[in-house]
Amino acid sequence: MRVMGEIVSDELLEAVDSCIFCSATGLTRSGTLVQDVPPVCVLECSECRAEMVDQLPKREFLDKLYTGGNYVGFLDGSERLTSALARRLAAAMIEGCSPSATIRILDFGGGSGSLGRAVAAFFSDRGSHCRIAVVDIKSTGVGSGIEFFTPEDFDKCTETFDVILCSAVVEHLRDPGVRLRSLFNRLAEGGWIYVRSPQLGGLKRVRASWFRWPRHLSDFGPAFWQRFPSIFDWKIDVVWSRASRPETEWRTKPVSTVVAIALKAPCFLELGFRRLFRLNVACSYPLVGGWEFLGQKISDSR
Ligand SMILES: [Zn+2]
């Protein structure tokens, strides 16, 4: 279905000739058109199966988009959702950490750092000292006591982190493969990395505006997540690779929340069925709307 996206002039676009995740050159058109004038299509990588637009907005365009007054980081608007996600993350991670250790938390693309701070609160309750850093393109709203890096400053930083949060970020990046590799290099041995992103799959073929162009530049279906993190040769124990919880709240968006739960339910049933019968079959259901990954970096000595 053809749709009118946000009009972006020719000079704002750069053609994609290799996969922005794995650098493979085998890219095919998926048929989804996210913008009519000039035409911007969705490509699929034959190697990692990520989907991405065939033209990227220039860096200056995205900087302007995200430094605009209306943009806030994902989850920054909902304390309840932030707290619920932090609680689930902490419950999965905290058992593997010494209660007295210093925990270094990086909230990559984290806006105000609300998710990093919420995760830190659970570690602090267990007696850990936490240091939180945020990487983003603007420091407005970053909470006190949180170290802030621009992406350029972060490239010069050599520090490693025990927890890296990358929630609803990679789909906004022009160079997600480079960034994910860099983040994993900054993850301490035994450290945790959380990645959450949309998985719009067949939904965007029904209505291309659901691709959320030009904020979103890529999308990931079940075939991608089956290959993640081996795409990047990460030595990691996978803790979660599953449909993410709904991004809306029942009280503020009841219809959206019910639709999200209904679409995600088959995936949770499939994952539960696989767990029950110990089936090692990858999830193939394509309409979950979002996916989350949590892994723990394996130490070189293991
Ligand atoms: Zn690829």
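## Contacts and overall make-up

Of the contacts in the chain with a separation of 6 or more, 72% are between residues 24 or more positions apart, a contact being a pair of residues whose C-beta atoms, placed from the backbone, lie within 7 Å. The structure is a predicted model, in which local features need pLDDT of at least 70 and side-chain atom pairs count only at pLDDT 80 or more, while totals for chains, interfaces and linings use all residues. Residues are numbered from 1 along each chain as its sequence is written.

The secondary structure of the chain comes to eight helices and 13 strands; these are DSSP runs numbered from the N terminus, with helices (H or I) of at least four residues and strands (E) of at least two. Of the 302 residues in the chain, 38% are buried, that is, they have 20 or more other C-beta atoms within 10 Å of their own, whereas exposed residues have 12 or fewer and partly exposed ones fall in between, with C-beta atoms placed from the backbone.

Strand β6 (residues 102–108) pairs with strand β7 (residues 129–135) in the parallel sense over seven bridges, and Thr-102 stands opposite His-129 in β7.

Strand β13 (residues 289–297) is mostly covered, with seven of its nine residues buried. Strand β10 (residues 187–199) runs antiparallel to β13 and is joined to it by eight bridges, with Trp-192 standing opposite Gln-296 in β13. Strand β12 is also antiparallel to β13, through seven bridges, and here Trp-240 has Leu-294 of β13 as its bridge partner.

## The four-stranded sheet

An open sheet of four strands has the order β2-β3-β4-β11, with antiparallel pairing. Because β2 (27–35) and β11 (218–220) stand at the edges with a single partner strand each, one side of each is left without a neighbour in the sheet. In this sheet, neighbouring strands are turned by 25 degrees against each other on average, direction ignored.

Within this sheet, strand β3 (residues 40–45) and strand β4 (residues 50–53) pair in the antiparallel sense over three bridges, and the bridge partner of Val-42 is Val-53 in β4.

## Packing of α2 against α3

The axes of helix α2 (residues 79–93) and helix α3 (residues 114–125) come within 9 Å and cross at roughly 50 degrees; axes are lines fitted to C-alpha atoms, for helices over the stretch in contact, and angles run from 0 to 180 degrees between N-to-C directions. The two helices α2 and α3 are therefore oblique to each other, since angles under 35 degrees count as roughly parallel, over 145 as roughly antiparallel, 65 to 115 as roughly perpendicular and the rest as oblique.

On the α2 side, Thr-82, Ser-83, Leu-85, Ala-86, Arg-87, Leu-89 and Ala-90 meet Ser-114, Leu-115, Ala-118, Val-119, Phe-122 and Phe-123 of α3. By class, this contact has nine nonpolar, three polar and one charged residues, with Ala, Val, Leu, Ile, Met, Phe, Trp, Tyr, Cys and Pro counted as nonpolar, Asp, Glu, Lys and Arg as charged, and the others, Gly among them, as polar.

Methods:
Contact = placed C-beta atoms within 7 Å. Pairing = 2+ DSSP bridges.
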